[in-house]
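This briefing concerns selected local features of one protein model and is meant to be read beside the coordinates.

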Amino acid sequence: YLTKPFEVLEIKARVRSLLKAKAYADAVREAMARDLRIAREIQMGILPADLAAATKGTGLEVYAVIEPAREVGGDLYEVLRVSDSRVVVALGDVSGKGIPAAMFMAVAVTVLRTLARQIAEPDVILQRLNDELAEQNPRGMFVTLQCLVFDLVQRRVACAGAGHHQLAVVSPGRAPRFAFPSSGRPAGLMPSNPIDCEFMSLEPGDTFVLFSDGVSEAMNPSEDFYGEDRLLGTLAETSGATPGEIVTRVLADVRAFSASARQSDDITVLAVRYAP
């Protein structure tokens with residue numbers, strides 16, 4: 001504001017100053033946006049890029065989609081072929097959002113990938129991951145995880161969970177159901193995290209659907225949750241569908257339910273089918 005009487009020279013000086021300030025602010029915002037775009041590219045590059053190559057010849061078919069609520073997020077997944085007869089599949093959700101969650105996610109994926117190559121049991125993988133994350137974690141962040149190890153010789157899958165909700169199983173001739181409840185705490189909170197392991201025989205057509213709580217806790221404009229029952233209902237309509245079709249159907253149903261409501265959390269869905 002300028003009070004009267006005012007000088008034309010003063011007005012011009014004020015305008016030039018404001019234009020320079022706006023140009024500087026625009027440049028800062030553009031630089032931040034560019035850095036976030038690069039950060040997202042790096043983060044997405046950490047995740048497995050070629051799922052078909054990772055499972056070729058194993059009888060497993062995998063499809064996954066991750067949609068961060070912001071430019072970067074904290075959801076993660078892993079599909080790792082560690083031998084001719086063993087494939088590790090995992091999905092996790094880091095506490096918080098934005099850059100801190102993305103950085104913790106990158107550390108968690110890296111440690112998980114290293115441990116999965118060395119250890120055959122999913123419960124031991126998660127126990128070791130918990131200890132590694134808890135050792136240096138000044139902000140007290142954590143990650144919930146489901147970890148599956150497919151043994152293609154014994155035709156069974158072993159699963160362990162660290163604070164993550166159950167995954168869904170879709171089998172031919174049966175209604176979709178939830179399985180493998182977590183037995184341990186979220187990883188990274190404190191050392192020593194007792195985690196149990198469960199086993200399930202693999203039958204042709206069995207499909208395992210892992211998801212982050214961005215699915216079950218997606219809200220519509222009335223602030224109702226999408227919920228796990230609605231997810232089972234959606235999966236019941238996917239009989240005979242491929243993993244890609246299942247993931248696409250779930251995401252479409254979540255979007256339709258949310259309508260115009262703003263996405264408040266990262267959304268990740270992974271489906272893996274056993275079809276020898």
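A residue counts as buried under 20% relative accessible area, as exposed over 50%, and as partly exposed in between. The model is predicted, and the values below are computed from it.

**Surface patch**

- Tyr-24 belongs to helix α1, which covers residues 8-46.
- Together with Val-28 and Met-32, Tyr-24 makes a nonpolar surface patch of about 330 Å².

**Asn-193 and its surroundings**

- Asn-193 is placed in the loop that runs between β7 (177-179) and β8 (198-201), and its relative accessibility of 4% is under the 20% limit, so this residue counts as buried.
- A polar atom of the Asn-193 side chain lies 2.7 Å from the backbone oxygen of Arg-185.
- Leaving aside residues up to four places away in sequence, Asn-193 touches Gln-127, Asn-130, Gly-184, Arg-185, Pro-186 and Ala-187.

- Phe-180, which lies in the loop between β7 and β8, has a phi near 60°, a positive value in a residue other than glycine.
- The relative accessible area of Phe-180 is 4%, which is under 20%, and Phe-180 is therefore buried.
- Ser-192 is also placed in the loop between β7 and β8, and its phi is near 65°, again a positive value in a residue other than glycine.
- Ser-192 has a relative accessible area of 52%, which is over 50%, so Ser-192 is exposed.

Terms used:
Residues are numbered from 1 along each chain as its sequence is written. This is a predicted model: local features need pLDDT of at least 70, side-chain atom pairs count only at pLDDT 80 or more; totals for chains, interfaces and linings use all residues. Side-chain values use heavy atoms; hydrogens and water are left out. Patches are made of residues with over 30% relative accessible area and no salt bridge: like charges are joined within 9 Å, nonpolar side chains (Val, Leu, Ile, Met, Phe, Trp, Tyr) within 5 Å. Accessible areas come from the Shrake-Rupley method with a 1.4 Å probe; for residues, only the protein chains shown count as cover. A salt bridge is a side-chain nitrogen of Lys or Arg within 4 Å of a carboxyl oxygen of Asp or Glu. Helices (H or I, at least four residues) and strands (E, at least two) are DSSP runs, numbered from the N terminus. Buried means under 20% relative accessible area, exposed over 50%, partly exposed in between (1.4 Å probe, protein chains only). A polar contact is a pair of N or O atoms within 3.5 Å; within protein, one must be able to donate a hydrogen and the other to accept it, and residues adjacent in sequence count only if both atoms are side-chain atoms. Contact means heavy atoms within 4.5 Å.
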